[in-house]
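Dear colleague,

I am passing on the structure we spoke about, and below it you will find my notes on what came out of the analysis. Please read them alongside the coordinates.

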Amino acid sequence: MSDEIFDEVTRQRTKEIISRYPQSRSALLPLLHLVQSVEGHVSQDGIRYCAEALELSTAEVSAVATFYTMYKRRPCGEHLVSVCTNTLCAVLGGDDIYARLKEKLGVGHEETAGEPGSPGSITLEHAECLAACDLGPVLQVNYEYYDNQTVESAEQLVEALQRGEKPAPTRGAPLTDFKTVELELSGIFPDLERSVEGPSTAVETMRGAQLASERGWLAPAMPDSPPAFPDLPEKS
Amino acid sequence: MTAPVTPDPLTPVLTRRWQSPRSWAIETYEQLEGYQALRHALTTHPDRIIQLVKDSGLRGRGGAGFPTGMKWGFIPQGATGPGAKPKYLVINADEGEPGTCKDIPTMMADPHSLVEGCIITSFAIRANFCAIYVRGEALHCIRRMRKAVEEAYAKGYLGKDILGSGFDLDIVVHAGAGAYICGEETALLDSLEGRRGQPRLKPPFPATSGLYASPTVVNNVETIASVPAIVMGGSAWFRAMGSEKSPGPKIYSISGHVEKPGQYEAPLGITLRQLLELAGGMKDGVPLKFWTPGGSSTPLFTAEHLDVPLDFEGAAAAGSMLGTTAVQIFNETVSVPWAVMKWTEFYKHESCGKCTPCREGTYWLVQILERMVAGEGTEADVETMLDICDNILGRSFCALGDGATSPITSAIKYFRQEFLDLIAAQPAVQRPEQLAELTGATA
């Protein structure tokens, strides 16, 4: 059964991923991302596929798949919208953004508006700290960053996604879809030359560096050439 | 030796390339002295690199502040016994401590500083395999790291016989899958082995029994990205910034109610008063109420702590921890019990469930705080929370449980009256009814 779902290309990729690690089981997290890139979630077939590839039991794979929040157990939308509702983003408006999107899409946490996988369908989730606190409130679409959001901008973003548009992220690659980024998360990059580009530094990111250059502040000067390495202390 | 001079208020070292166009590309990095530290390092004995890092006083930037050179020195070496096993370097790039946002910009803007640091470190500890475990949600960092690693292979900085030195190294960029606990080093190792990310009992420590039960160094992104600069500048240069016990520059991430949130790289020991000045002051002039010096797991500070030196010793002496220098600023409009509730919900969600005190304790703390914020607090709640915290702190394998108690105990320490006022403002609720509601809700 899984032969039909996971084709020859996926099987080749599976081998490639496993070959990167000293021990094959280390490939399990990447492989779960890989099956998710094929099916849009981690299904029982996906679990069986990973178990066979790594000579594990399905129980061992299930135990791992259910532990991590990025593995979705139900089919996801074309896009995954994750709103940070941790304390700092929440104070700055993240809670309001999440509440408005829930209402607008008529769904709750990890639920999908529209037929999963169909164009314009959206899975919504609230996320824990997305490590962009200087740019809060933030949300991610398919793990690309949309920084300094407001209720209005988040609403417009979601409307555009539903219309089939792909608004550019503030930081990250041009927007694709959930399945495509899951392939990258497995460690397979069909188009890295393109996806590695895209904006990555916001004004906030550079603030310290910018202020330092405006005021002529520098780290102490390094010696002209690297100093000799220290001698080792005498061993007694 | 140069005479001691006070360094500038900001000292861009890790952030010095961030403003360059296409700063992530290897061409840019090489133009800006990139990979020269590696060339220099490969000419010496690995033990002398470990000695340099010991001399520099570099301490781990992932929160705990453990001396980096000492950690490397724990790796057994030798042709027989434990030293004969393969050795590994694992980079903890699973940034997710609330407030922390320094490693993600570092990896996006300057991935090669981390790659170069990984190669030098691997050479020093004699590892031939290095994994960079990047948080899954940080997808663009994963792309940048992956590209940087490919570029380094193409230039002969990775692979077999690096720059003719006879040293071999492979680096794999590994994506996590959404679990805060994997930022704990032993949980990260279990996760990297393809398991649930649950912490291991220590000892044995990773230095002897880490990845695949082999000697392993686990270091944070910012720690290892500092290594090339230390090789180029030497330990005296590094020590010209910061204090005797906390030397070097550090990226302070300022977020929340300030005019200019962002990343500010300053010598260790800067104060919040100085940082606020650089960041344009409090947003709209609304006064400061509370702040975290290094993420939500570090006990809160208040406006009383504006002049605490933000280095490892200074933060600890004032009753908190330096953590990840994730400075989250909250003004007086923010309710302390509410903020503490939000953080506790986070810890409850992220507790891996392995240790009972953390798993059950965070669950009950959330119940109490949510009820309190919903207007149904009781007079016993404050003491009950302190009692639960007392039963979590120090009673679990890893620091997640300890961290979960920090916001609560510090908030009660500084803002007890606010909790009591909130409770007093609400009608008292009978305990049996609450329990019936709760058991009803979970049945």
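How many residues does the contact take from chain A, and how many from chain B? In this model, which is predicted, the contact takes 68 residues from chain A and 85 residues from chain B. On the chain A side, at least two residues each are supplied by helix 3 (28-39), helix 5 (58-65), helix 6 (87-105), helix 8 (178-185), helix 9 (192-195) and helix 10 (203-215) of chain A, and of the elements in chain A it is helix 10 that gives the most to this side, with 9 residues. Sorted by class, the side of chain A that touches chain B has 43 nonpolar, 16 polar and 9 charged residues.

Turning to the fold of chain A, the chain is divided into domain 1 (2-65) and domain 2, the latter made of two segments, 79-178 and 190-195. The centres of domain 1 and domain 2 of chain A, taken over C-alpha atoms, are separated by 27 Å.

Chain A also holds an open sheet of 5 strands, in the order 2-3-1-4-5 and with mixed pairing. Strand 2 (111-113) and strand 5 (144-146) of chain A each have a single partner strand and stand at the edges, so one side of each is left without a neighbour in the sheet. On average, and with direction ignored, neighbouring strands of this sheet are turned by 30 degrees against each other. Within the sheet, strand 1 (residues 79-84) and strand 4 (residues 139-141) of chain A run antiparallel and are joined by 3 bridges; Val83(A) has Leu139(A), in strand 4 of chain A, as its bridge partner. Helix 7 (residues 151-162) of chain A lies across strand 1, strand 3 (122-127), strand 4 and strand 5 of chain A, and runs at about 150 degrees to strand 3 of chain A.

Is Val327(B) buried or exposed? Val327(B) has 30 other C-beta atoms within 10 Å and is therefore buried, the cut-off for this class being 20 or more. Leaving aside residues up to four places away in sequence, Val327(B) touches Tyr252(B), Ser253(B), Ile254(B), Leu272(B), Leu275(B), Trp291(B), Thr292(B) and Pro293(B). One of these, Ile254(B), is 73 residues apart from Val327(B) along the chain, yet their C-alpha atoms are separated by 4.9 Å.

With best regards

Definitions and conventions: Residues numbered from 1 in each chain as written. Chains lettered and ligands numbered in written order. Predicted model: local features only at pLDDT ≥ 70, side-chain atom pairs only at ≥ 80, totals over all residues. Contact = placed C-beta atoms within 7 Å. Helix = DSSP H or I, 4+ residues; strand = E, 2+ residues; numbered from the N terminus. Nonpolar A, V, L, I, M, F, W, Y, C, P; charged D, E, K, R; others polar. Pairing = 2+ DSSP bridges. Axes fitted to C-alpha atoms, helices over the stretch in contact; angles between N-to-C directions. Domains from an automatic or database assignment. Buried ≥ 20, exposed ≤ 12 C-beta atoms within 10 Å, placed from the backbone.
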